[in-house]
Each structure stands twice: as structure tokens, then as C-alpha cells.
Amino acid sequence: MRGRLWQGKEMLLEALQSFVSNYKRGIFELSSTDSSATTPAQIIQICATECKKRNRDYKKDALNCMASMLNSFDQVIQLYNEFKFDVFDSLKDMLFQTASGEAEQEDDEEKNSSEKISQAELECRGKAFRCLALAYNRADDAAIVTRLIDFFVAQYQIQEWPVKSEILIAFKVW
């Protein structure tokens, strides 16, 4: 999926999301028996690359796709303990930046800071919180749990209402 954005590219994300949703267990099984097969973590990284694009509508679609795929893979892990899936470390920086709006602030430095945040930007931030909750692998790492809780609570206090509702949903997912 490398390269520039073009009209309709989000359909590739939807196709990838649909494939993962329908064949989630098979992806784990194949990657555990065939070393040349694409792993769930590699699939998530493809989507993570797309989440870094500057087009907010496309970024929103990519984050939605990532949330859906993380949820699908999490369902397999919950049912079958033999599969492991840890992508939190590789995603956390990008997701923390997107959730807090830091990534967009860097892109929009030349814009007037008093401009209202776009709906697409708010949706991107909200989806990033959901992805953070889904990417966390539920390990008993107190430092990560504390960092996530502190981040979610601090952001809840400063974000606008559409993002606040996504933060609450992310807590529920977590």
C-alpha cells in the first residue's frame, strides 16, 4: 500500500480489514507454521504506515481499519491462548501523538491556532485512543498501565466532547 494517496485507496484498507475479520485465526495459524507467511504484526504495521498519512479523512479510515483489525486479532488471542500478539511497542509513539493531537499540530503550524479543530481530526484522535486500548496486550506491566491511565485521564480533561466519548469507550474496551 506504499505510495501516494489516490481516490479510492481507502477501499484497500476496507478490503484488508474484511480479510482480517474473516480469516483472523487462519492468519495466526499460517504464520505460526510457515515462517515466510505474513504475521498479524506485519499486517498491523502496514495499516500503521497508512495512519501516518497527512490526509485526515484517509487517516481516519486507516485508524478505523487498525482498530477493527486489532479487535479481530484480540478475539483470536482471547479464544486461543497459543497465539501471541504484541504490537503495542511498535504503535505507541504514533498513537500517543495522534491521540493528543501533536502530529496534527506539527502539520498545521502555519495555520491560525484559533481555528476550530475539524471533525475529521477529532475522529482521528478518538480512533487513536481506541487503538491504544486495543493494542495494549494486557501484560502485567505496571509502568505501561500507569502511563496509559495518566495519559487517558489528562487528555480527557483537555479534549473536546467527541474525543472524550471515545476515551470512555477506549476505557471500556481496555
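Predicted model: local features only at pLDDT ≥ 70, side-chain atom pairs only at ≥ 80, totals over all residues.

Residues are numbered from 1 along each chain as its sequence is written, and side-chain values use heavy atoms, with hydrogens and water left out.

**α1 and α3.** Helix α1 covers residues 10-33, and its axis lies 9 Å from that of α3 at an angle of about 5°. Axes here are lines fitted to C-alpha atoms, for helices over the stretch in contact, with angles from 0 to 180 degrees between N-to-C directions. The two helices are therefore roughly parallel (under 35 degrees; over 145 is roughly antiparallel, 65 to 115 roughly perpendicular, the rest oblique). I listed the contact residues (heavy atoms within 4.5 Å). On α1 they include Leu13, Leu16, Val20 and Phe28. On α3 they include Tyr58, Met69, Phe73 and Val76. By class, I noted 12 nonpolar, 5 polar and 4 charged residues. Ala, Val, Leu, Ile, Met, Phe, Trp, Tyr, Cys and Pro count as nonpolar, Asp, Glu, Lys and Arg as charged, and the others, Gly among them, as polar.

**α3 itself.** I checked its length next. Helix α3 runs over residues 56-79, 24 residues in total, and spans 35 Å from first C-alpha to last, close to the expected 34 Å (1.5 Å times one less than its number of residues). What caps its N-terminal end? I found Asn55 there, with a side-chain oxygen 3.0 Å from the backbone nitrogen of Asp57.

**α6 and α8.** I moved on to α6 (residues 119-135) and α8 (residues 161-173), whose axes come within 8 Å and cross at roughly 10°. So α6 and α8 are roughly parallel too. Among the residues that meet are Leu122, Phe129 and Ala133 in α6, and Val163, Ile167 and Ala170 in α8. This contact has 10 nonpolar, 1 polar and 3 charged residues.

**α6 and α7.** Last, I looked at α7 (residues 142-158), whose axis comes within 12 Å of that of α6 and crosses at roughly 165°. That makes α6 roughly antiparallel to α7. Phe129, Leu132 and Ala133 in α6 meet Leu148, Phe151, Phe152 and Gln155 in α7.

Note on methods
Helix = DSSP H or I, 4+ residues; strand = E, 2+ residues; numbered from the N terminus. Polar contact = N/O pair within 3.5 Å; in protein donor to acceptor, adjacent residues only side chain to side chain.
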